[in-house]
Amino acid sequence: MAMMDVDAPFLEDTEEPLAGVCDFRGRAVYRTTSGGWRSAFFLVVVEVAVIIVYYGVSANLITYLTGPLGQSNAAAATAVNVWTGTARLMPLLGAFVADSWLGRYRSIILACTLYVLGYGMITLASTLLSQRPSASLGKDSSSSPFSLEVSFFYVSLYLIALAQGVGKPCGLAFAADQFDPNHAREFTARSSLFNWWHFFIAIGISFAVIVVSYIQENVGWGIGFGTLFTVMICAFVVFLLGIPTYRLHVPVTGSDNPFARLGRSVFALARNSSFRVCTKRHHHEDEDVATSMEEARCVLQLLPIWAACLAYGVVIAQIMTLFNKQGRTLNRHIGGLELPPATLQVFWPAAGLLFVPIYDRVLVPALRYTTGTPSGLTLLQRVGTGMVVSMVAMCVAALVETQRLEMARKNNLVDNAMATIPMSWAWLVPQYVMIGVSDVFVLVGMQEFFYDQMPSELRSLGIALFYSVMGIGGFISGALISLIDHITRSGGGESWFSNNLNRAHLDYFYWLLAGLSAAELALYIYITRNYVYKEKSQLRVTT
């Protein structure tokens with residue numbers, strides 16, 4: 001994997017207005033009064049809140065679907081995967097709207113509005129569902145699966161997915177826009193932003209799976225969702241407070257829609273059958289046409305890498321579905337307290353919380369000394385390292401599930417679907433921790449890679465490509481579960497995802513995912529071995 005060229009010149013501090021940026025009123029802005037961490041802080045707070053409210057739903061959604069809504073394990077896992085997949089694919093649409101029309105600043109305002117509306121609706125829906133006579137553990141839930149209350153619940157879920165689509169491609173991109181890549185100190189700060197962004201995301205996930213899931217299962221689902229509604233209102237207020245400090249990038253005078261220009265360039269490349277790396281130049285074309293062709297080549301080069309990352313999204317999808325159902329069968333007592341199954345997910349973000357500072361302050365300097373690369377590992381090397389860790393995590397998950405099934409057989413609990421297996425919840429900790437560590441490599445690496453390697457005007461699309469890996473991974477996971485469930489149940493057999501997990505075979509599914517991860521890693525190494533990074537001098541001013 002090629003190393004990034006970092007020899008481009010940096011700008012020095014200046015008291016003159018910054019070029020290519022303005023404030024929300026269109027006025028000139030200065031380095032000393034705008035941007036940097038002072039602005040990014042507001043956006044980090046908003047992102048933490050968005051993570052809390054999103055995982056406050058998704059981390060325990062399978063419990064709600066198999067409990068109050070009475071769905072089967074396979075149906076609920078598929079429903080969760082489809083919803084999370086939709087929420088993570090919608091950023092592709094949101095990126096198009098932001099980069100070609102609204103801009104990142106206004107898109108975030110729209111997203112916050114949709115979040116508040118969506119969480120208000122889901123609070124109302126869950127409250128109405130809790131008042132139904134059949135709202136406990138699925139009693140009679142099959143008799144009216146599309147009742148008005150259930151339909152309203154799903155409408156609110158997908159409104160939240162729409163809000164994710166509008167806001168997700170813009171949050172991190174807008175935060176990164178607050179740092180000037182041509183200024184030495186701000187360029188270094190921007191690189192750290194991607195690491196610490198993941199750190200604060202881990203804080204949000206931890207709060208959601210510990211506090212929110214406890215409220216939902218022990219106080220009430222309506223109160224739990226209402227807490228998320230309140231958090232989102234507060235986050236919206238924080239974003240508004242930061243408006244005077246934000247740097248908004250202004251469109252280049254006379255520039256057309258970046259997506260339209262990209263489409264024309266891709267068509268021209270296809271017609272000319274010329275797919276070359278980004279460092280090649282068309283010496284006989286004018287500068288604007290040549291630059292557009294370069295941008296198209298760079299985007300096209302990202303697509304195979306994007307495809308090679310999809311299996312990682314399938315692995316991540318298991319955290320909030322099958323890992324959760326596994327945990328419900330284990331002994332979750334600590335003293336006199338029984339932990340909700342979703343609480344076990346805290347080891348996933350906790351691993352990230354602990355590992356991000358270690359990576360940023362210890363591993364990066366050590367690797368920098370060894371490799372000569374300023375970031376320690378190149379972005380693609382970082383992602384590949386995380387893929388190895390996630391593959392090992394699925395092997396560990398399969399072995400743990402095999403042990404859980406063996407314990408069920410030894411204690412004659414195979415036919416007791418509601419039994420607690422005499423096996424500690426701590427057996428699940430390694431797989432959660434390993435996924436958390438792999439996230440620090442893969443998710444942070446993909447975020448920075450797709451942001452940095454995209455043409456400047458399409459960086460929201462770059463972040464959306466990252467989220468779409470998780471989204472399509474969720475759809476693939478849902479499709480695999482549905483297909484395998486159908487095949488293994490045919491002829492009267494026991495499904496791999498039986499409602500009685502003691503008769504299921506999640507271990508077989510985890511081994512399948514480990515095999516997919518190995519194939520993904522081989523493909524990824526093959527595709528990225530000769531990739532050439534964009535030089536800083538090629539980065540244009542964002543719109």
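Thr 78 sits in helix H3, which covers residues 73-102. In this predicted model, Thr 78 has a relative accessibility of 18%. It counts as buried because the value is under 20%. Leaving out residues up to four places away in sequence, Thr 78 touches Gly 478, Ile 481 and Ser 482. Thr 78 and Ile 476 are 398 residues apart along the chain, yet their C-alpha atoms are separated by 9.9 Å.

Another residue to look at is Ser 390, which belongs to helix H13. Ser 390 is buried, with a relative accessible area of 0%. When its neighbours within four places in sequence are set aside, Ser 390 is in contact with Tyr 312 and Ser 438.

Helix H13 spans residues 379-410, and the loop between this helix and strand S6 (421-424) contains Asn 412. Asn 412 is not a glycine, but it has a positive phi of about 55°. Is Asn 412 buried or exposed? With a relative accessible area of 70%, Asn 412 is exposed, because the value is over 50%.

| Residue | Relative accessible area | Class |
|---|---|---|
| Thr 78 | 18% | buried |
| Ser 390 | 0% | buried |
| Asn 412 | 70% | exposed |

Helix H13 also packs against helix H16, which is made up of residues 506-528. Two packed helices are described by the angle between their axes and by the distance between those axes. For H13 and H16 the angle is about 165°, and the axes are 8 Å apart. The two helices are therefore roughly antiparallel to each other, since angles over 145 degrees are classed that way. Their crossing is left-handed. The residues of the contact of H13 with H16 comprise 19 nonpolar, four polar and three charged ones.

Some values describe the chain as a whole. The protein chain has 16 helices and six strands. Of its 543 residues, 58% count as buried. The chain exposes about 21600 Å², and carbon and sulfur atoms supply 66% of that area. What share of the contacts between residues at least 6 apart in sequence joins residues at least 24 apart? In the protein chain this share is 82%.

Note on methods
Residues are numbered from 1 along each chain as its sequence is written. This is a predicted model: local features need pLDDT of at least 70, side-chain atom pairs count only at pLDDT 80 or more; totals for chains, interfaces and linings use all residues. Side-chain values use heavy atoms; hydrogens and water are left out. Helices (H or I, at least four residues) and strands (E, at least two) are DSSP runs, numbered from the N terminus. Buried means under 20% relative accessible area, exposed over 50%, partly exposed in between (1.4 Å probe, protein chains only). Contact means heavy atoms within 4.5 Å. Accessible areas come from the Shrake-Rupley method with a 1.4 Å probe; for residues, only the protein chains shown count as cover. Axes are lines fitted to C-alpha atoms, for helices over the stretch in contact, and angles run from 0 to 180 degrees between N-to-C directions. Angles under 35 degrees count as roughly parallel, over 145 as roughly antiparallel, 65 to 115 as roughly perpendicular and the rest as oblique. A crossing is left-handed if the near helix is turned anticlockwise from the far one by less than a right angle, and right-handed if clockwise. Ala, Val, Leu, Ile, Met, Phe, Trp, Tyr, Cys and Pro count as nonpolar, Asp, Glu, Lys and Arg as charged, and the others, Gly among them, as polar.
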